[in-house]
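Here are a few notes to keep beside you as you get to know this model. Please have a look at it before reading on.

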Amino acid sequence: MTCSHCQGAGTCNQIIDGGQTVLLVGNPNVGKSTLFNGLTGARQGVCNAPGTTVEVFAGQWRDVGVRLIDTPGTYSLLPNSPDEEVVVDTVAGIAGSLTDPHISSGVGLAVAVLDATALSRSLYLVGQLAQAGVPLVCVLTMMDIATSSGVACDPVALQEELGVPVVSVDPRRRRGLDRLTRVVRQALIDRPRVVGIAADPKAPGYNAHLAPQSVQSQPTRVDITSVPYRKQPLRDGDCDTEALGNKDTAECNEALADMADAEAHAADVPAHTQALGNEEKRVHNAADARIPEDVLAGNTAGVRAHAATSVPAAPATPSASVLAGRQELSAQELAAEEAERAVALFEWIDALTARIGASEPATAKKSMSDRIDRILLNPVIGIGSFLLTMYVVFWLCNVFAAIFQDPFEQIFDSPDGWQLTLPAATFGNWPGEDWTLLSGPSLTQGVIALLTHFGLAGGVLEGILVGGLLTGMGVVASFAPLMIVMFIAIGMLEDSGYMARIAFLGDRVMRWIGLDGRVIMPFIVGFGCNLPTLAAMRTLPNSRHRIIAVILTPYLTCNARLVVYLLIANVFFPTHTTLIVWIMYVCSILMVILGGLVLKPIFLRGEQAAPLMLVLPPYQTPRALITLKTSAQRTWAFLKGAGQVIVVLTIVVWLLMHTPVVKGHSFGEDMPPSDSVYGTIAESVSPIFKPAGFDDWHLTGGLITGFIAKETMLGSLAATYQVGSEAACSDQMNELAQTYNPMSDEEIDADLAERIAAKDPLVAGYTTVPQARAAVDKAFTSLCVGVHLGTAEDDSQATRQMHEQLQATLKGTAGDASVVAAFAFLIFVLTYTPCLATVAEQWRQLGRKLTLCAVGAQLAVAWLLATLVFQIGRLFW
């Protein structure tokens with residue numbers, strides 16, 4: 001089976017050829033993903049579960065010879081989100097799931113990861129897995145924290161009571177992994193199951209392919225009494241004294257369970273049970289029998305209260321669970337049944353923990369994390385520390401990463417080679433001037449040299465390879481530093497435990513738009529660049545929230561759009577430039593809020609508005625190597641996924657701009673945009689914007705180019721305004737324009753004086769600065785090599801010329817309301833699709849259909865808002 005939107009080392013079912021599947025199942029923040037990384041190493045990949053946007057990691061556990069799947073963290077097998085539904089489907093092995101035995105390798109074993117500091121909460125999930133009929137091995141993590149906190153948790157005693165192997169592991173330090181490997185290898189043969197809890201065909205996640213035949217047609221109960229326990233000696237090397245909590249080898253041998261299953265597996269599974277998984281999931285969702293708060297707290301009384309007071313009314317039609325051979329039950333009866341099952345599980349947990357002596361200390365001892373939280377979760381200090389953290393992340397993504405973006409792009413597309421330069425302004429004007437660290441040749445130089453050698457330089461082939469392929473690859477590569485810095489920053493915050501605190505602090509604000517606090521940090525980074533924000537959204541645990549956040553991200557105004565804001569504001573609002581830019585940022589925030597309010601009833605329909613429940617993990621030292629490896633994997637997944645789309649579309653744009661529609665040009669040569677297919681498309685699109693006041697092909701051409709990258713809009717405007725001017729430019733004028741294009745008026749005059757004194761050939765024929773300056777101004781006025789854009793504050797002749805061109809354009813399209821049309825143009829730039837890279841990443845996360853719908857909606861909303869701004873504004877202007 002091939003899962004959709006797969007990335008990484010292959011699809012989830014192609015990670016390993018053949019063999020069985022082992023599931024890692026556990027609560028959030030118990031070290032499950034760290035354990036997964038330790039067991040699979042680099043032999044892993046990430047994909048979406050079939051038919052969903054839920055991200056699942058799969059890898060090859062080579063030492064055991066199985067496929068290992070890291071399921072999303074969950075507290076219960078009663079699904080309350082798409083992510084939890086994926087866990088239930090995967091455990092049950094239903095048709096079309098990652099573990100459907102008819103398509104791929106089915107579930108052979110589940111490894112339940114238990115938090116030693118909150119054993120009761122973890123045991124609830126263990127009990128549900130036992131009811132689902134899945135063979136189990138339990139892994140205890142965070143033993144060091146439990147010990148330091150005074151929480152009693154004896155792995156040997158727990159193993160005796162559960163009847164399945166229990167291995168104490170420290171995934172962060174890779175302790176106990178060897179013993180876990182040996183235990184799992186044997187468990188795949190012995191199929192150990194929890195004693196005292198039999199498989200229940202009515203239970204959520206029930207796996208009909210694994211459960212013993214004797215329970216497939218009869219209800220079962222939880223036995224909370226002591227269960228006879230058979231013991232057998234360990235094999236040589238199977239006892240890890242350190243991992244078992246300082247027990248000696250003899251005691252370890254006495255504590256081991258007989259992992260042989262007392263009940264034989266059925267040779268064949270009745271056909272009616274194969275439909276049980278899907279039908280059960282539907283029935284449970286209809287009954288809405290979920291008790292997340294009580295599961296988190298281990299509150300048996302709360303479960304009973306839920307059963308008595310929170311059961312919904314019965315539906316008018318009978319339940320379809322008759323397909324599984326069950327008696328027809330109403331939704332009310334199903335909810336009550338599920339509540340009773342939960343009560344029985346809690347009673348089993350209470351009895352088990354009492355027998356093994358697992359308990360919290362009588363007097364709560366404040367940990368270091370508790371003392372830190374008193375500061376970082378303070379309403380005043382906490383917000384301040386949060387803002388400081390966001391500033392550091394923002395600086396890393398938008399200043400530090402920018403140092404590496406240009407050389408990464410230049411490696412592919414620069415005709416002059418690449419150069420890694422440390423700008424003096426990056427670190428407060430240190431070391432006083434820009435410092436070139438490294439430099440080297442580019443791929444473009446190599447391709448041109450190779451084509452020249454074979455006599456193919458300057459042709460269509462060079463244009464496609466250099467202007468299309470390598471340019472697109474350069475665009476993709478330029479995002480790599482930004483992406484990996486973003487992933488490392490988020491990974492470090494998450495690994496340290498502070499990410500959960502950020503979610504807690506920002507939750508109240510994000511609730512307004514149907515999301516929770518975990519999206520606030522990526523959203524803030526989105527004001528620098530949308531792409532790392534989209535990439536960070538893949539870490540959100542709720543797939544519905546991910547969809548909303550991915551669709552809303554393009555409304556976060558990025559630095560690339562800021563350049564356009566400054567140009568238009570400086571031309572049409574010269575005395576209010578700062579105010580206009582500030583208004584654009586406010587509009588950006590309003591668009592996110594309004595968009596969230598619109599999307600909330602669409603994607604969160606039927607989802608309970610439960611408060612954010614987070615287990616705040618203890619603060620820990622981030623693991624640099626693991627975080628770096630994970631960040632590199634996610635960055636590579638982006639480069640492979642989104643990069644393909646970007647490169648292909650970049651080649652398409654190059655072809656459009658070099659395909660003539662008028663005589664006098666040949667395919668592949670440089671030509672004015674108006675003479676190409678690109679210009680024709682821009683001219684044909686421009687009438688659409690007549691109601692918005694800017695139906696001019698120069699501006700629509702800029703918008704089309706801005707779809708590739710907003711940074712290119714200024715260059716596109718310069719190129720389109722250059723049409724018809726090149727014929728009036730001599731070689732000297734072209735050289736003058738190229739030389740002085742980046743300079744201000746004062747710099748131009750000073751340089752001309754030096755060149756005249758030195759009798760430079762560039763100013764041959766001119767004896768005074770005014771004469772030479774007149775020639776430079778003429779070169780700018782003729783727009784020989786584009787427009788001198790200068791800075792937002794610059795007032796050079798070329799910049800004034802650009803201003804005049806834009807003013808004349810909007811004067812012709814909007815008349816006296818040209819200023820209103822300029823603001824409408826800014827609104828459109830803000831709200832339409834930010835760039836091709838963003839669309840490619842949306843495509844990777846949402847799939848083709850939803851991405852096309854999102855882009856279409858963004859364009860429609862942008863046009864509607866721009867039209868409303870112009871039509872209403874012109875009434876008052």
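This is a predicted model: local features need pLDDT of at least 70, side-chain atom pairs count only at pLDDT 80 or more; totals for chains, interfaces and linings use all residues.

1. Residues are numbered from 1 along each chain as its sequence is written, and side-chain values use heavy atoms, with hydrogens and water left out.

2. Start with helix 16 (residues 443-453) and helix 17 (residues 460-496), whose axes come within 11 Å and cross at roughly 170°. That makes helix 16 roughly antiparallel to helix 17 (an angle over 145 degrees). Leu443, Thr444, Val447, Ile448 and Leu451 of helix 16 meet Leu461, Glu462, Leu465, Val466 and Leu470 of helix 17. By type, the residues of this contact are 8 nonpolar, 1 polar and 1 charged.

3. Next, see helix 32 (residues 818-831) and helix 34 (residues 848-876): their axes cross at roughly 160° and come within 8 Å. Helix 32 and helix 34 are therefore roughly antiparallel. Among the residues of helix 32 at this meeting are Phe823, Ile827 and Phe828, while helix 34 brings residues including Leu859, Trp863 and Phe870. The contact residues divide into 13 nonpolar, 3 polar and 1 charged.

4. Finally, find Val107 in strand 5 (residues 107-115). Is Val107 buried or exposed? Val107 is buried (under 20% relative accessible area), at 7%. Beyond its neighbours within four places in sequence, Val107 is in contact (heavy atoms within 4.5 Å) with residues including Thr21, Leu23, Thr90 and Arg191.

Key
Axes are lines fitted to C-alpha atoms, for helices over the stretch in contact, and angles run from 0 to 180 degrees between N-to-C directions. Helices (H or I, at least four residues) and strands (E, at least two) are DSSP runs, numbered from the N terminus. Angles under 35 degrees count as roughly parallel, over 145 as roughly antiparallel, 65 to 115 as roughly perpendicular and the rest as oblique. Ala, Val, Leu, Ile, Met, Phe, Trp, Tyr, Cys and Pro count as nonpolar, Asp, Glu, Lys and Arg as charged, and the others, Gly among them, as polar. Buried means under 20% relative accessible area, exposed over 50%, partly exposed in between (1.4 Å probe, protein chains only).
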